[in-house]
Structures are given as C-alpha cells and as structure tokens.
Amino acid sequence: MKGIIMAGGAGTRLRPLTVSLPKPMIPFFGRPVMEYAVELLKRHGIYEIGTTLQYHPDKIMNYFEDGSKFGVKMQHFVEDRPLGTAGSVKNAKSFLDETFVVLSGDGITNADLSAAIKFHKEKKSKVTILLKEVEIPIEYGIVLTDEEGRIRRFFEKPSWSEVFSNLANTGIYIIEPEILDYIEDGKPFDFSKDLFPKLLSGNVPMYGYKMEGYWCDIGDIGSYIKAHKDIFKLGGILDLDLASSWIGNNCNISNSVKFMGKVFVGCECEIEDDVEIGEFTVIGDGVKIEKGTKLERAIVWNGSYIGKNCELKGCVICNKSVLKDYVRVNEKAVVGEKNLLKDFVEVKAEAKIWPEKVVEANTVIDENIYWGTEVIKSVFWIRGITGDFNLEVTPQFAIKLGNSLGSVFDKNARILIGDDYTEKSSVIRKAIETGCQITGARLYRTRGIILPIFRYIVQDYYDAGVYVRTRGNSIRIEIFDQNGINIDKGLERKIENLFVTCDFRTSSTIHFVNELVSSPLEMYFNRLETTFDVNKLRNKKICILSEDKEIISLFDKICSRYHIKATLISGGSKHCVENLKGLCLQSEYNAGFLIDRQGEHFIMIMSDCTVYGEKLKMLLAWLEMKKFKNDRIILPEFFKSFMSDVEKLVDFPIKFTGNEIREYMKEVLDTKINYFFYYDAISSILLILEWLLDVKEMIDRVKKLEAAVI
C-alpha cells in the first residue's frame, strides 16, 4: 500500500498565511500541517509516500527531503502547470503501481485508514471515499450512498434546497491504480468535478466509507483557528498530550505568568512578568512576549515578538512578526510574516495584513492591507534610524539600507562607516557595509570611537559617514554629510524612496572596505591641538566619572597628553551625581564631570553647583562665542523659554536656530565655530578648562542672581 499527499494548492482563502508558504507547510501546533498527514499514513503501515507539488514546491521538498528523517520513503512530483486534483495524482503514475491512499496535505484528521482500507477491499471497490457527517453540508461536496455504501450521487457545495445528504467528501480516497487511466493527460482534471462523475456514469464500483473520529479542512482562517481549539477540547487527535498545558524545552517563563486553561507553548520561548495566556492559545518556537500582554485563543507562529501590554484575541500572528507595545489584534485577524506593527496599532476583526509591512504607531487597520500597499511612512526618525535589534533593525533591513545609502551618494564619494564596538552594532554595521558594497560605493571603516570624534573625522576627511550605536537592545543609525552633521530631510526622503522602491544602483566593481590608515584618535588630537591653548590645560585638577570604559580610557590619554591631573572613575549609579559632588568638595578639584556613555552630554560639578541641561548649553554657547570672537550666542529655538535669567547675565544678541540637531549644527558651522560643543563632551570639557576663570566668574554672577541650578 502506498500513500499520495496532495500538496500543490496555494490556498487563496488562507491568504496571507500562504503568501510565501504552500498550505501544507502552515504551522499547526508548531509543526507543518502536512507532517500530521505523514504521521497518519505511518500509523496505518504506509511508509512509501508520494507528494504532488505545484505552489512553492521547494519549501516542501527542502523540509521533507526523501522522508528518511520522518521514518518513511518519499518521492516528490512537481507539476509544471496546474493539473487539478486528479491530474496532479496522475502526474505521479510511475509511483502508483498498487492500491494507494490519497490525502490532502492541509487537512487535520485521525481517520482510521486501516478500517477504511479493509472496507475498500471487502467491497472490491475501485474508489472509496471517506465521508464525514457535517452540520453545514453547503460548505462541502456531499455524497449520497445506498445501504451497501455504494455511491449513487455527488453534488459539489450545494445550496440548502439541493442538500440531499449530510455526508461530506473529506478528500481522503483509496484508489486502485487502473483508475488513473480514466484521467485525461496533460490538462486540468479534478476528482469531484471530472473523475467521479465519469466513473459514476460508467458504473465503476465506488463506495463511501463513513468515518468516525475527527476531520477538518483548514481551508479558511476560521477553520484554521477552530481546528486548534478542537485539538485542545477533543484530545487524542494528534500525537500530543494536551490533557494539560504543553510547554516546550528551554523556555524562560516568569513565575508571574498566568495560564488561564490549556495552552501550547513551543521551545525556546521567553515570556515576561504578568503575561496572561488564555485557554486554547498556541505559541510557536522562539517567541518572546513582553510584560503585561494578554493572549486569548491566539495563534503565534515561530520567532515572533509581542511587546508590552498587547492584547491578542482569536487571531493569527505569522512567523517573525514584531508587535510593539499596546498593540491590539482582534478576532480572525491575520498579521502576515515579518510585519512590524508599532505602538498602539489596532487590527480590527477579520482584517488581514500581508507580509513585510510596517504599520506606523496609532494606526487602526480595519481593511485588508495587500502586497503593494504602502503602510510604511518613514524609515527615519529623530536623529536617524532607531529600532530594536533583530526586531525593527534586522541584518536584512541593514543590507537594504546599505543599498539605499550606496545608491544615493555619488559613486566616487568616500564614505566612513563606524560603530561603538558592541556586538549588536557590529552585526548591523557589517550588513550596511555589504549593502553599500553591492552598489560599488567606496567605504572606509573605523571602530570603537565615540560619536563626537566620528563626526569630526568625517568633517575633516570624508564625504559622508554612517555610525551605528547600541543602547540596551536598541540600535541607532545616524548618517552624516561631508560636514559631519546629520543629513537633511531632502536626502532622507531620497534614501527612503530608494528603500521602498528598491531602485538601487548596481556595480560590477566591488571595493574592499578600507581600514583607516591613521589612528582616529591622532586625527582628533591634532584637531584639538590646533584649536585649544594646551598650556592653559596644564595642571588643572578634575574628576571624570563615566559608565563607559572607552570614555575613561580616552580621558586617560587626553589627561596624560595635556598634563591634566585627573581622577578617572569607571561606573555609575543613581547616586553618582551626589558621589561626584562629594568628591569634588573633599578633594578641591577645579571641576567634576559625569559623562554619558555616548560621549555627547555631561553634568558639571563646580564648587557646590551642579550645572546640566539647558543651563550648561547656554554656558557652552557663551564660551564658544568668546573663544571664536563671534558677536552672538547660538541656541536652538526651544531655549527661548529659559532666556529671562540669561538676559540679566550677558549683553549679547542671541541667534536662535531650529530645534533639530542638523539646524543647530549648520548654524554653528556657518558662524565659523568648528566644534559642536553641546554634542561633544570632550571638547566641551577642554573649553571649560581653557576658560576656567571666566566660567567661575559666570557661576558667581549666577549665584548672586540666585539663579544657580542645584
């Protein structure tokens, strides 16, 4: 006895579940649904199995191969054009040299094939159809049999007025090989529409076997979801023990997770505090669910990420989709694979989102979103591109971004690319490099330098720059023009347009990524030494505190080079400002500085004053005006609300710029100031030390006006 599994259909009613998968490969309790058909045949002693393939045949052949890892022998028969259900089986005629069983690759059943085969042989039937009583016959092809079980009549999906039986054709057949001769060659030929009426009119013995047990055709989303629920409620259908919740291996599940009835959780899942998982929920392998999320009868496929405080009810979330915080997905809704739904998105009941879409925050999806429908609004956000590593910012995303960057800049442009030396940044930086190289771009690489230094190296030596940095699990990618400042909105739009249209430049020439010949630190030190009076830095006594060891190491080099007396402390806590203030008072430092891990911003302790935020920015703007002999102070526009006190301290005009970082930096450059002090803690600290007496005098004036920031 042999088995043939029909696995060729695309499953139009199951879109978008089947956009990139044939129906038999749709996950069902963590395994492709077709795997259960293979197990059923094995259970009844059938070990030689053929498959009929047409839609994405490679997916099935690559998974099952020759069947040996499933304990069977498999051969695959691919249609070069659609041949219909019967025609596809005849396409495997060379394999079918004895009685064979035909199964659908996308049905769920525990049918007793052995009993059906016995019935087939006893009746000397040429075709036996397994029949199942159903409540709503109009959804199926129905069959009328006589008392002996011989089939007398067929009707495909009748109206209620045409219903003469409640026995549905399950699509499970036992067939003698000579029946293949009734199937016409080379053109579409269907079992129900063509072959069975032909056999009936020729009085060929055909019988119907009324099966017991469970059968479900998962031909639409509702049936697919219902089948999961049935497996839990009925039990004994699959080779899973679902008498209680089923939890896979190597899961990390918080003790505060609430299981509200029987659920299925795959392997290597991570579920955080206060998650509620309602009855009949199915979670695939490698799924992460953040705090406070609630799932009820939800089906989540492998590798998906569900953010904080989401609500999923009776829906399907396909492979590797990302749902950010406070997302709601309702009954019979489908989120296709590799989708990104940002914060507060709501997907209404029965709405479907086709794969690889980005849905912006606060969007309500109440209709289907298909291929070609652009839901994505923006790649860029404030200060470049941000997103969680391997969720929003994946290596695939980064390669595509690299394609876009390499295409938007002139092909001879020298592009510097760098990262902060963390592992996640390195992965994304390498992917961007790969994407750029395909376009023929000329890339130069530097690693492990902080962003402020990177900006100046781009400004002094390169035509553009790309910098990748990590904070926790978040990735930020910033892109700079030849001045070392963030690119303008026009260039961002061009990059976004290329990203969406994929109209990338191609090149037959691939340039290797060149490491910088000169040390980036030496480049930066040379810049410092042409700007500052290093003699004024000598013997200044400071304390530097930072949680970033690279910044501490950098200041160690600076202090040694410029003869600054420094205490350097690596680490940080919520009490670090008070600790630094205590150190400065006890040890009589000229100043103490707490520097953030990006090397951009800092807090200054001088005497008993703590200076930070807007007050520190205004101090730096005043110092840069004095140093570069300008006639005005430069500040972003939002500083206007802080000006009342400043006007009492300085008698100089103030030039306000736009609030975005690029607008501020562009105005700074136009004023012939070659540093972005507010975004570079190192040069800012040297500026303060160079003008230390003026800074102290200003702080004293502030004290007298009772405007010190404590």
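Residues are numbered from 1 along each chain as its sequence is written, and side-chain values use heavy atoms, with hydrogens and water left out. Because the model is predicted, local features need pLDDT of at least 70 and side-chain atom pairs count only at pLDDT 80 or more, while totals for chains, interfaces and linings use all residues.

**Exercise 1. Classify Ser254 as buried or exposed, and list its contacts.**

Step 1. Ser254 sits in the loop between strand S15 (252-253) and strand S16 (258-260); helices (H or I, at least four residues) and strands (E, at least two) are DSSP runs, numbered from the N terminus.

Step 2. Buried means under 20% relative accessible area, exposed over 50%, and partly exposed in between (1.4 Å probe, protein chains only). Ser254 is buried because its relative accessible area is 18%.

Step 3. Contact means heavy atoms within 4.5 Å. Setting aside neighbours within four places in sequence, Ser254 is in contact with Ile271, Glu272 and Asp273.

**Exercise 2. Compare the span of helix H8 with the expected value, and find what its buried residues pack against.**

Step 1. The expected span is 1.5 Å times one less than the number of residues. H8 (residues 423-438) has 16 residues, for which 22 Å is expected.

Step 2. From first C-alpha to last, H8 reaches 23 Å, close to that expectation.

Step 3. Buried residues of H8 include Ile428, Ala431, Ile432 and Cys436, and also Arg429 and Glu433.

Step 4. The buried residues of H8 pack against helix H7 (395-408) and strands S36 (414-419), S37, S38 (464-471) and S39 (474-480).

Step 5. Just after H8, Gly440 has a positive phi of about 85 degrees.

**Exercise 3. Describe the largest nonpolar core and the place of Ile688 in it.**

Step 1. A nonpolar core is a set of buried Ala, Val, Leu, Ile, Met, Phe, Trp, Tyr and Cys residues joined through side-chain atoms within 4.5 Å.

Step 2. The largest such core has 75 residues, and those with the most contacts inside it are Phe593, Ile595, Phe602, Met604 and Ile688. Helix H14 (residues 613-627) gives the most to this core, with eight residues.

Step 3. Leaving out neighbours within four places in sequence, the contacts of Ile688 are Phe593, Phe602, Met604, Met606, Leu620, Leu623 and Val695.

Step 4. Another core, of 61 residues, lies apart from this one, and Leu21, Tyr207, Phe280 and Val316 are among its members.

**Exercise 4. Assign a class to the ring pairs Phe64 with Phe70 and Phe232 with Phe280.**

Step 1. Rings of Phe, Tyr and Trp (its six-membered ring) pair if their centres lie within 6.5 Å; planes under 30 degrees apart count as stacked, over 60 as edge-to-face and the rest as tilted. The count by this rule is 31 aromatic pairs.

Step 2. Phe64 and Phe70 are 5.0 Å apart centre to centre with 40 degrees between the planes, a tilted pair. Phe64 counts as buried because its relative accessibility is 0%, and Phe70 counts as buried at 10%.

Step 3. Phe232 and Phe280 have ring centres 5.6 Å apart and planes at 35 degrees, so this pair is tilted. Phe232 belongs to helix H6 (residues 221-234), and Phe280 to the loop between strand S19 (276-278) and strand S20 (282-283), 48 residues apart.

Step 4. Both Phe232 and Phe280 are buried.
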